[in-house]
Amino acid sequence: MRSLLLCLVALLASCSRPGSDKILTIAVNAGVEGSALKAAAQEWGELRHTRIEVVELPYANLFEKESLDLQSRTGAYDVIMMDDPWFPKLAGDGALTPLPRKPDADFLSSTLSVCREGLTFFALPYVGNSQLFFYRKDLFDKYNAGAPDRWEKILAAAKTIGAGEKMYGYVMRAAPGNSAVTDFMPLLWAFGADIFDAQGKPSLTSPEAIDALRFMLELGKYSPPGYAGFNAAEVSAQLLQGTAAMSINWPAWIAAMDDPSKSKVPGKIEFAQMPSAHLPGVAELGAWLLAIPAASPHRDAASDFIYWATEPAQMTQAALRGNPPTRRSVFQSPDLVKKFRAFPAQLAALEVARPRPRTAQWNEIENAFGVSLSEANSGAATPEAAMQQANREIAAILERNK
């Protein structure tokens with residue numbers, strides 16, 4: 001009888017605990033960005049007495065699942081994590097919940113710019129990704145190559161260092177789709193070109209755009225064989241093994257570059273802004289955002305969570321777990337700057353980082369463009385033919401979606 005009474009007391013206590021019946025379902029990217037958010041969600045769940053369910057998905061599957069849920073309004077997720085170029089597609093037709101209050105001014109403006117439609121915010125920036133230029137400073141010093149601030153200097157250094165050290169002077173990713181486009185965009189912009197003109201029409205057949213691709217192929221002469229099939233992992237492996245001297249890369253790889261258990265050249269990689277050409281160099285923005293589907297059955301709790309997760313204290317914890325922040329105050333924290341030597345370079349890059357074209361068709365456009373770029377890098381198409389093909393296919397995509 002005493003045991004039965006104790007069980008009843010425990011059951012009543014659990015039922016009366018505030019919020020014990022709540023569940024918050026969060027869709028996250030499988031990777032360091034998602035791992036930090038998972039940890040934050042568990043902490044918030046304990047504070048709010050809310051059960052957390054995390055759906056962790058690879059990059060491509062995450063977009064597909066989120067897109068399907070938002071289109072069908074099933075309410076499967078209460079919070080979604082999205083790459084910033086997905087925002088125009090996922091925010092369409094009222095599928096996301098408008099935020100109850102504007103983000104504060106501590107957030108970097110480049111990251112806030114991809115979270116809204118007009119003056120209405122539908123997301124908060126959680127991860128402040130922007131590209132950096134990774135290079136072997138010891139070798140640049142050895143060969144008096146100067147600062148890697150212009151693309152013509154990068155090409156000259158790739159030739160000199162590659163020959164002198166019997167290594168690859170440069171390495172890039174040019175696999176079809178996102179990989180090729182990601183490495184090409186800083187070149188395209190620096191050469192004074194863009195995917196679209198002022199009227200929103202594809203402009204990849206401009207002389208500047210074709211020159212940018214020609215230059216990419218010149219860099220390819222000093223890259224490892226098969227680079228036209230490389231993704232981020234292959235590029236990073238070349239730097240970590242000390243077999244390549246330079247690349248464009250993302251902050252997620254910085255920690256590995258300084259880790260002796262992962263790198264054969266720990267501490268020798270330095271991080272800089274994107275090189276310039278006809279125009280000043282600019283990095284591609286790759287921020288991760290948090291948003292609430294309009295069909296979520298727990299929108300109030302979801303709102304509380306995303307505001308909490310992006311507060312300075314929680315973002316500091318996310319930074320310690322490997323995520324670049326989106327708040328200036330966190331980037332400038334003396335303790336974090338002491339711990340993460342690339343923070344000043346990351347902040348400088350993020351201040352001016354440029355988002356990919358804001359169109360609901362971006363995923364389809366990126367895939368088509370990336371195939372053409374990869375074909376040029378593999379030698380299957382000339383720069384002119386590759387850009388003409390990309391221009392035609394992008395125009396057809398836009399026409400189909402009118």
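Student: What makes strand 7 and strand 8 count as paired?

Tutor: In this predicted model, strand 7 (residues 132-136) and strand 8 are joined in the antiparallel sense over four bridges, and because a pair requires at least two bridges, strand 7 and strand 8 count as paired. Within this pairing, Phe134 stands opposite Ser247 in strand 8.

Student: Which strands of that sheet are called edge strands, and what makes them so?

Tutor: The sheet is an open one of three strands in the order 8-7-9, with antiparallel pairing. Strand 8 (246-249) and strand 9 (269-272) are its edge strands, each pairing on one side only. From one strand to the next, the twist averages 25°.

Student: Which helix lies across strand 7 and strand 8?

Tutor: Helix 10 lies across strand 7 and strand 8, and runs at about 140° to strand 8. Gln238 has its place in this helix, which spans residues 232-240.

Student: Why is Gln238 called buried?

Tutor: The relative accessibility of Gln238 is 16%, and buried means under 20%, so Gln238 counts as buried. Leaving aside residues up to four places away in sequence, Gln238 touches Tyr168, Val171, Pro224, Phe230, Thr243 and Ala244.

Student: How do you know which strands stand at the edges of the sheet of five strands?

Tutor: That open sheet has the order 2-1-3-10-6, with mixed pairing. Strand 2 (51-57) and strand 6 (123-127) each have a single partner strand, so one side of each is left without a neighbour in the sheet, and these two stand at the edges. The twist averages 25° from one strand to the next.

Student: What makes strand 1 and strand 3 a pair?

Tutor: Strand 1 (residues 23-29) and strand 3 (residues 79-83) run parallel and are joined by two bridges; because at least two bridges are needed for a pair, strand 1 and strand 3 meet the requirement. Ile26 has Val79 as its bridge partner in strand 3.

Student: How do you know that helix 2 packs on this sheet?

Tutor: Helix 2 (residues 32-48) touches strand 1, strand 2, strand 3, strand 6 and strand 10 (288-291), and its direction makes about 165° with that of strand 1. Helix 12 (residues 299-309) lies across strand 1, strand 3, strand 6 and strand 10, running at about 50° to strand 1.

Student: How many cavities of 30 Å³ or more does a search of the whole structure find, and which residues line the largest cavity?

Tutor: The search finds one cavity of 30 Å³ or more, and the largest cavity holds about 50 Å³ of space. Its lining is made of Gln131, Arg173, Thr182, Asp183, Ala232, Val235, Ile248, Asn249 and Trp250. Helix 8 (178-190), helix 10 and strand 8 each supply at least two residues of this lining.

Student: Which helix gives the most to the lining of the largest pocket?

Tutor: Helix 8 gives the most, with three residues. The largest pocket holds about 910 Å³ of space and is lined by 38 residues, of which Glu33, Asn129, Trp250, Ala252 and Trp253 lie nearest its centre.

Technical notes:
Residues numbered from 1 in each chain as written. Predicted model: local features only at pLDDT ≥ 70, side-chain atom pairs only at ≥ 80, totals over all residues. Heavy atoms only, no water. Axes fitted to C-alpha atoms, helices over the stretch in contact; angles between N-to-C directions. Contact = heavy atoms within 4.5 Å. Buried < 20%, exposed > 50% of the residue type's maximum accessible area, 1.4 Å probe, protein only. 1 Å grid on protein atoms, 1.4 Å probe; cavity = no way out; pocket = protein on both sides within 12 Å on 5 of 7 lines; lining within 4 Å. Points joined across faces, edges and corners; volume = space filled by probe spheres on them.
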